Amino acid sequence: MPLQISDLSDAVLNTHYAVRGPIVARAQELENLGRKIIYCNIGNPQALGQKPLTYARDVLALCEQPALLESAPQAFPEDMVETARTILDQSKYGLGAYSESKGLRFIRKAITDFIAARDSTDGIAQSSNLEHIYLTDGASKGVQTALRLLLASQKDGILIPIPQYPLYSATIRLYGGQQVGYYLDEDCGWGLSEQMLEEALHRAMKEGIRVRAIVVINPGNPTGAVLTEENIEMVIRFAKRHNLTILADEVYQENIYEPGTRFLSFAHVMTKLSEHEVSLFSFHSTSKGFFGECGQRGGYMEVRNVPEEVVAQITKLQSVALCANLPGQVMTYLMVNPPRPGAPSYKRYVEERSSILSELAKRAKILEEGLNRIPGIRCQPIRGAMYAYPSISLPTGTSDEAYCLALLEETGVCVVPGTGFGQKPGTAHFRTTILPPTRQIEEVIDAIDAFQRQWG
Ligand SMILES: Cc1ncc(COP(=O)(O)O)c(C=O)c1O
């Protein structure tokens, strides 16, 4: 008899991943029937027309096909050729060979330099250890490794924001742990409050859950919020008080749109506080920012304040899959090591970067303002990341899932219902990305406006 559904574990059957759930499946069906669909369900920039950065793709192409370095080096700017040669020399065997489990050493070194340059501000000298950096297949794999490590029993819980990115709820479920949600405060621009954290923790403790870690997504998906330094300090103190590890998901660190708002990493603030007792796992990715290279599956995880014997266990887990994919590792190198000012590729790189980021900032504003003009919809400021998560008022008895499905059927706009990310009981939301081209963002707003007026 072939494998039956009843043979599968509850952990697998009960794992849900909303951003690719039934509404997206229906969108694909409609598209196959010839309907025009605007996919606003997932933060996949290049699927919505964002162009890859020339520098990153050309250097990667040279590394993938080193024969070009011999046959056509003049077709590429000198610094690209030089960077590709360095990558091939340093990797020794090129992109077709496994690397060491943690990832190529020179790339980990480049990541330590990137972190030092990013975080050495406000008079804080920052240093990280390349032995505590792991190249990963996108940030997702790093997050899964950290959760695998932390969830030792069914009573172990992880504090995650509500709303959250479903990688967390799905993986915690899959690994047999407990999800402990802490609410973000929508009326304060999805801010994070100590009271909400304490309440969530104590509720979980009363239920016999041993809370092991807190996940913070900054800038926030789906909320678009960016944490202040005080907020980050508060989380670090909270983690210390309750002996929790921090998982800092910082994949949107380049996606800041609000003038005067800046990204601060947990690593930076921990160094500023001279905090050496709280364990920190931070994640970054080539999928977001202005790279938008989701398909290349590049990213890294940095661990701090973790004893060497635990580091050895992480390395062991990483080595079960041998290593992260090599093109993704190279993409990560190119993300942390862009062309230098004055290099032949620099000007074009800066132009492409600025054009992508300024377009995203423009779309965030258009979407936020457009949604706020629709009666019954309220959208908090989109300060960062790639999403809006507006609240919607629905007639009693209807769900946001039914709303999003009807929106799709009537207008072709594909968004994800709030139930997939979590929300306070009695509230309803949907998540849409800011990624479609400006013209389409306007179409999306008009479609939602017309739909909401007849639905609400
Ligand atoms: C908050 C957050 N973390 C992690 C990821 C995973 O990204 P990737 O695995 O492509 O790096 C995403 C993707 O959308 C995300 O939004």
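Both faces of strand 6 are covered, with Thr-245, Leu-247 and Asp-249 buried on one side and Ile-246 and Ala-248 buried on the other. A residue is called buried if 20 or more other C-beta atoms lie within 10 Å of its own, exposed if 12 or fewer, and partly exposed in between, the C-beta atoms being placed from the backbone. In a regular strand the side chains alternate between the two faces of the sheet. Because 5 of the 5 residues of strand 6 are buried, the strand is largely enclosed by the rest of the structure. The model is a predicted one, in which local features need pLDDT of at least 70 and side-chain atom pairs count only at pLDDT 80 or more, while totals for chains, interfaces and linings use all residues. Residues are numbered from 1 along each chain as its sequence is written. Helices (H or I, at least four residues) and strands (E, at least two) are DSSP runs, numbered from the N terminus.

Strand 6 (residues 245-249) has a parallel pairing with strand 7 (residues 280-285) over 4 bridges; two strands are said to pair if DSSP finds at least two bridges between them. Within this pairing, Ile-246 has Leu-280 of strand 7 as its bridge partner. Strand 5 (residues 210-217) also runs parallel to strand 6, and 5 bridges join the two. Here Ala-213 has Thr-245 of strand 6 as its bridge partner.

These strands belong to an open sheet of 7 strands with mixed pairing, in the order 2-8-7-6-5-3-4. Strand 2 (133-135) and strand 4 (178-183) stand at its edges with a single partner strand each, so one side of each lacks a neighbour in the sheet. On average, neighbouring strands of this sheet are turned by 20 degrees against each other, direction ignored. Axes are lines fitted to C-alpha atoms, for helices over the stretch in contact, and angles run from 0 to 180 degrees between N-to-C directions. Helix 6 (residues 105-119) lies across strand 2 and strand 8 (299-304), and its course makes an angle of about 120 degrees with strand 2.

Attention now turns to the helices. The axes of helix 7 (residues 138-150) and helix 8 (residues 166-174) come within 10 Å and cross at roughly 40 degrees. Helix 7 is therefore oblique to helix 8, since angles under 35 degrees count as roughly parallel, over 145 as roughly antiparallel, 65 to 115 as roughly perpendicular and the rest as oblique. The crossing of helix 7 with helix 8 is right-handed; a crossing is left-handed if the near helix is turned anticlockwise from the far one by less than a right angle, and right-handed if clockwise. Ser-140, Val-143, Gln-144 and Leu-147 of helix 7 make the contact with Leu-167, Thr-171 and Ile-172 of helix 8, two residues being in contact if their C-beta atoms, placed from the backbone, lie within 7 Å. By class, the residues of this contact are 4 nonpolar, 3 polar and no charged. Ala, Val, Leu, Ile, Met, Phe, Trp, Tyr, Cys and Pro count as nonpolar, Asp, Glu, Lys and Arg as charged, and the others, Gly among them, as polar.

Tyr-55, Asp-58, Val-59, Leu-62 and Cys-63 in helix 3 meet residues of helix 5, including Met-80, Ala-84 and Leu-88. The contact of helix 3 with helix 5 comprises 9 nonpolar, 1 polar and 1 charged residues. In helix 3, the buried residues are Tyr-55, Ala-56, Asp-58, Val-59, Leu-60, Leu-62 and Cys-63. Their cover includes helix 4 (67-71), helix 5, helix 13 (326-336) and helix 14 (346-372).

Leu-53 lies in the loop between strand 1 (38-39) and helix 3 (54-64). Leu-53 counts as buried because 23 C-beta neighbours lie inside 10 Å. Leaving aside neighbours within four places in sequence, Leu-53 is in contact with Phe-291, Tyr-349 and Glu-352. Leu-53 and Phe-291 are 238 residues apart in sequence, yet their C-alpha atoms are 6.5 Å apart in space.

A further open sheet has 3 strands in the order 10-14-13, with antiparallel pairing. Strand 10 (387-388) and strand 13 (416-417) are its edge strands, each pairing on one side only. Val-416 stands opposite Arg-431 in strand 14, and Ala-388 stands opposite Thr-432 in strand 14. Phe-430 and Thr-432 point one way from strand 14, Arg-431 and Thr-433 point the other way, and all are buried.
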